Amino acid sequence: MSNEATLHSQEVIHGAHAHDHGHDDHEHHHEGGFISKYVFSLDHKTIAKQFLITGIIWAIIGAFFSVLFRLQLGFPDATFPWLESILGHWAKGGRITPEAYYALVTMHGTILVFFVLTAGLSGTFSNLLIPLQVGARDMASPLMNCMSYWAFFLASVVMMTSLFVQTGPASGGWTAYPPLSALGDASIGSKIGMDLWLISMALFVVSQLLGGLNYISTILNMRTKGMTMTKMPLTIWSFFFTAILGVLSFPVLLSGFILLLFDRHAGTSFYLSDLFVAGKALSNEGGSAILYQHLFWFLGHPEVYIIILPAMGMVSEILAVNSRKPIFGYLAMVGSMFAIVILAFLVWAHHMFVTGLNPFLGAFFVLLTLLIAVPSAIKVFNWITTIWKGNLRFTPGMLFAIGFVSTFISGGLTGIWLGNSSIDIHLHDTYFVIAHFHIVMGVSAFFGTFAGVYHWYPKLFGRYLNNTIAYIHFWITLIGAYLIFWPMHYEGMAGMPRRYYDYSSWESFKQFTDLNHFISVVVIVVFAAQLMFVFNFFYSIFKGRKVTSTNPWSATTLEWTTPINPGHGNWIGEIPEVYRWPYDYSKNGKDFIPQTVPLSPDEEKEGH
Amino acid sequence: MSGYLAVFVVVLIFVVIFQIAKASEYVSILKGEKKTRQQTNRVNGFLLIVFLVLGLVGVYYCNDLLKGKIILEASSEQGRGIDQMIMTTLIITGIVFVITQILLFWFAFKYQEKEGRQAFYFPHNNKLELIWTVIPAIALTILVAFGLRHWFRITSDAPKDAMVVEITGKQFNWLIRYPGKDGQLGRKFFKNINDVNNPVGQDWEDELNKDDYMATEMHLVVNKPVKLIIGSRDVIHDVGLSHFRMKMDAVPGIPTTLWFTPDVTTAQMKEKTGNPDFVYEISCDQMCGAGHYSMKANIVVETQAEYDAWAAKQVAQYAVAHPAPAAPAAPTAAPAPAKDSAQKVVAVNEAKH
């Protein structure tokens, strides 16, 4: 480990909690040294790095799966012998089998939604930023925080294992609707792979609850002196709301999974009724397959806000810092996030307009769903006004933040289409939906994550990422994302269903062969660009340009008052006191005024 | 061999980019942080505005290229309502899309960092915020109102004179049952199902079942409302009727319905699209297992006379399940050929999976 020198230098400035000074990488006889510092660490910053790196590994796997199934969609007639070498009988003759295709699709969704954009995104940045930005030495319960990561790690191990079982991983879609997911006879992926999937997800829920409760209590109880709720940066507000959403909705998902496990193994009929599978009638009667969908989407919809809210918070912060302007409409930003949280719980059935839902009930869900567009619109207009008349610095973080706003607009507007039930009848479960949610919660959330990584990398590792690679990464990703997903709207308008292995036998959908081919090629290029980012990430941990100032972006928030490589405890000596909100940029002729600077007499007169 | 070559080329490109990136980092240190920032700012600011212009051109070009590949007009009365709804929404969201994207990238370009300029301290403005709360709220109210009008129209009860067809999903094909002359479907129960001669589990005790017949294709009469009674035998499927802009899940244990009025015949569509192979297809739109992508049935929309001729040729499933025992020597008794071919198709479909 060549970063040993840097790490040693950081130990000089560690805070309140004692550290093992004599640690040397080549000698492991120091009990607890390596283990307590890097493995079962209680330091929120290390846990953040653990979440981030685990998330990156999952992201590579999840994205690689999408490359594999895009090969099938883009080149349905071609064979790739190397596929057989890595997938064995799942790709006999170099062509992915339908079973493997559906397993890849399912795992792609599960991994990206839960393991990357939930754990990897809010796990990383909530852990890193909450204590640093509210002015706390660590989380309310560092132990629970550590357990949260390790529960996630266990979930990861179980999910990873499921990829290697003989009947393959779960393959009923990331939503795992029963009866398909309940009956091993209906689908090979519903055998042992589905059990592992459910166990992994249960562990994941445990991780989310341990983490979420911790985030909430830290934000409510551990703010430094002077840090009232309205002086918190928007990042913290977004993590706060995200945690509340998770804590209230993940248990419902868990209950849905437990009932599903009962149906699978205990002979119950919560979701099963009137089935004739594999040549015989089953004994289950009286269950409702739709019940599962209600339970699933009661989390499933808040889940998309669990993914996007942290990105919104970070983007707000990064746009303000790099525009050298206060975020426009701070209270409106908080209020709109609050509105989104409330509404997030009241719109789940818009995923179920075509399940035979009572049309009258559907009408309420239309109304509430489209209502969400109002706070979302407020946020977009406020972001645009934030950069208006600013003095913009296009750091990589800033570019990704701008990209976030662009994709959030594009994907958000198509939400207005799908939320309107009459349009949804036609577009439901088509490529239009794929285009919509990939742009708004896939690409946008990734842009938010990237913005966060580029912006807080100096805080994470005391070094910078390479800028040139960062800019190449940004431009390829932005252009590529639009090239991939924009044309999919048209496929959806033609009614082309999602989750199809092959379209060649369909008179109605086979006209898009060339387009699918094109999209797949772009996917491969964009995937390569992400690998470049991953390389940059790991390379720069050890060899990146060193950060020389504690506040490289000239930002006002508290994390930049800590040493360049803060130890466990974050601040040497007293935790700084806060006097003002975090967005005093370009005020009274000053470029920026940190939160720790007391109000001047003039400002007090204004009654700020 | 070409595989290794491709990998080699990719790695080479990576190495080249990395070397350039590394070199440019050294150069930027030599030039000084401030100067480097000014330069990258100018380059990226320029690229942002280029992206905006090329992006908008791209959106136009994409539309031009692909609009011919979607059938722009629905083939049902209800579908036309949905098309209209899509058009209204497209116009409203399209305007917002263009304006906000232009503002975003134009501001980014225009207000890029310049020496000596200070950003404008502008923390909030109640009037502005009120405006962009109220305007979206009004626009959305309009969309909700229009949307719900169509929604209630589409989900209303089917007209009394609508023909009734039952469609049942199974892995991986559709079972279509017509009520026969009496216009009423007989009872069914899933434990009666057998794949040889009773695929949907009809109850033979029920007199109404005597004339119900199974079909491999759905035949509909042009301009006549049709009500589909939708069910499933195993997992959740979805009856997707993209040309009619209709869709409804097929849920085991919970029957669902939808109705619509097809108003363009298959023959007319062949002419309209210039595609002699044109066919209305029922796609399964809910993930249902490994054969999901191949779960298809065709619909033929035809005139009343054509429909009557077709219906007259169909054989009741009851007759299939209860071959006349009195006449073993005469198996060719009238309708056998049609029935046989129908059975064969079912059998073939099953064999495929």
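**View 1. Helix α3 against helix α18 in chain A of the predicted model.** The axes of helix α3 (residues 44-74) of chain A and helix α18 (residues 513-543) of chain A come within 9 Å of each other and cross at roughly 160 degrees. Because angles over 145 degrees count as roughly antiparallel, α3(A) is roughly antiparallel to α18(A). The crossing of these two helices, α3(A) and α18(A), is left-handed.

**View 2. Residues that join α3(A) to α18(A).** On the α3(A) side the contact includes I56(A), I60(A), A63(A), V67(A), R70(A) and L71(A), while the residues that α18(A) brings include H517(A), I519(A), V523(A), I524(A), F527(A) and F537(A). Sorted by class, the contact of α3(A) with α18(A) has 13 nonpolar, six polar and one charged residues.

**View 3. The side of chain B that touches chain A.** Here 96 residues of chain B are in contact with 103 residues of chain A. Among the elements of chain B that each supply at least two residues to this side are the helices α1 (2-31), α2 (33-66) and α3 (77-110), together with the strands β6 (237-241), β7 (246-250) and β9 (280-284), but α4(B) gives the most, with 15 residues. By class, the side of chain B that touches chain A has 50 nonpolar, 29 polar and 17 charged residues.

**View 4. The two assigned domains of chain B.** The domain assignment gives domain 1 (73-112 + 126-156) and domain 2 (163-322 + 337-352) of chain B, and 37 Å separate the centres of these domains, taken over C-alpha atoms. Their contact takes eight residues from domain 1 of chain B and 10 residues from domain 2 of chain B; the residues on the domain 1 side divide into two nonpolar, four polar and two charged.

Notes. Residues numbered from 1 in each chain as written. Chains lettered and ligands numbered in written order. Predicted model: local features only at pLDDT ≥ 70, side-chain atom pairs only at ≥ 80, totals over all residues. Domains from an automatic or database assignment. Contact = placed C-beta atoms within 7 Å. Nonpolar A, V, L, I, M, F, W, Y, C, P; charged D, E, K, R; others polar. Helix = DSSP H or I, 4+ residues; strand = E, 2+ residues; numbered from the N terminus. Axes fitted to C-alpha atoms, helices over the stretch in contact; angles between N-to-C directions. Parallel < 35°, antiparallel > 145°, perpendicular 65-115°, else oblique. Left-handed = near helix turned anticlockwise from the far one by under 90°.
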